Amino acid sequence: NTCRRIRNTLQESDVDLSMTTVCRRLHEQKYRGCTARCKPMVSCKNRIARLQFAKKYLKEQPQYWKKVLWTDEMKINLYQSVGKTIVWRREGTAQDPKHTSSSVKHGGGS
């Protein structure tokens, strides 16, 4: 866990603190242990393409979107466990990339 890693790092520098003290100090600074938000890993090239797509269709009317066929994808975990990742973060920083874990989707359909 994070408190243990911080304590071990401090002990390597000859600073002796208990895990309780480390956790208490994190809480005093408004850090909380939270589950990392999972966001898809998107390359720079795909980010640009997605932004261009969004801008192109931004002003379309709801009637236009009713004609679009939406399909689901199947997700296969290759790079990430199905367990939760705990991160220490302050309120309002959930979407910060250092507080998220990336997912890579493969496959889909038959």
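Biologist: What is the relative accessible area of tryptophan 65?
Modeller: Tryptophan 65 has a relative accessible area of 27%, which makes it partly exposed; in these terms buried means under 20%, exposed means over 50%, and partly exposed lies in between, with a 1.4 Å probe and protein chains only. This is a predicted model, in which local features need pLDDT of at least 70 and side-chain atom pairs count only at pLDDT 80 or more, while totals for chains, interfaces and linings use all residues. Residues are numbered from 1 along each chain as its sequence is written, and side-chain values use heavy atoms, with hydrogens and water left out.

Biologist: How many aromatic pairs does the structure hold?
Modeller: The structure holds four aromatic pairs, where rings of Phe, Tyr and Trp (its six-membered ring) pair if their centres lie within 6.5 Å, and planes under 30 degrees apart count as stacked, over 60 as edge-to-face and the rest as tilted. One of them joins phenylalanine 53 and tyrosine 57, a tilted pair at 4.7 Å centre to centre with 45° between the planes.

Biologist: Where do phenylalanine 53 and tyrosine 57 lie?
Modeller: Both lie in helix α3 (residues 44–57), four residues apart, about one turn of the helix; phenylalanine 53 is partly exposed, at 48% relative accessible area. Another pair is formed by tyrosine 64 and tryptophan 65, edge-to-face at 5.1 Å centre to centre and with 85° between the planes, and tyrosine 64 is also partly exposed, at 32% relative accessibility. Ring pairs link Phe53, Tyr57, Tyr64 and Trp65 into a cluster.

Biologist: Switching to the backbone, what is phi of aspartate 14?
Modeller: Phi of aspartate 14 is near 60°, a positive value in a residue other than glycine, whereas most residues other than glycine have a negative phi. Aspartate 14 sits in the loop between α1 (2–12) and α2 (19–28), and at 74% relative accessibility it counts as exposed.

Biologist: And what about phi of lysine 30?
Modeller: Lysine 30, although not a glycine, has a positive phi of about 70°; it is found in the loop between α2 and β1 (32–35) and is exposed, with a relative accessible area of 58%.

Biologist: Zooming out, how do the elements of the protein chain run?
Modeller: From the N terminus on they run α-α-β-β-α-α-β-β, that is, four helices and four strands, taken as DSSP runs numbered from the N terminus (helices H or I, at least four residues; strands E, at least two).

Biologist: How much of the chain is buried?
Modeller: Buried residues make up 15% of the 110 residues in the protein chain.
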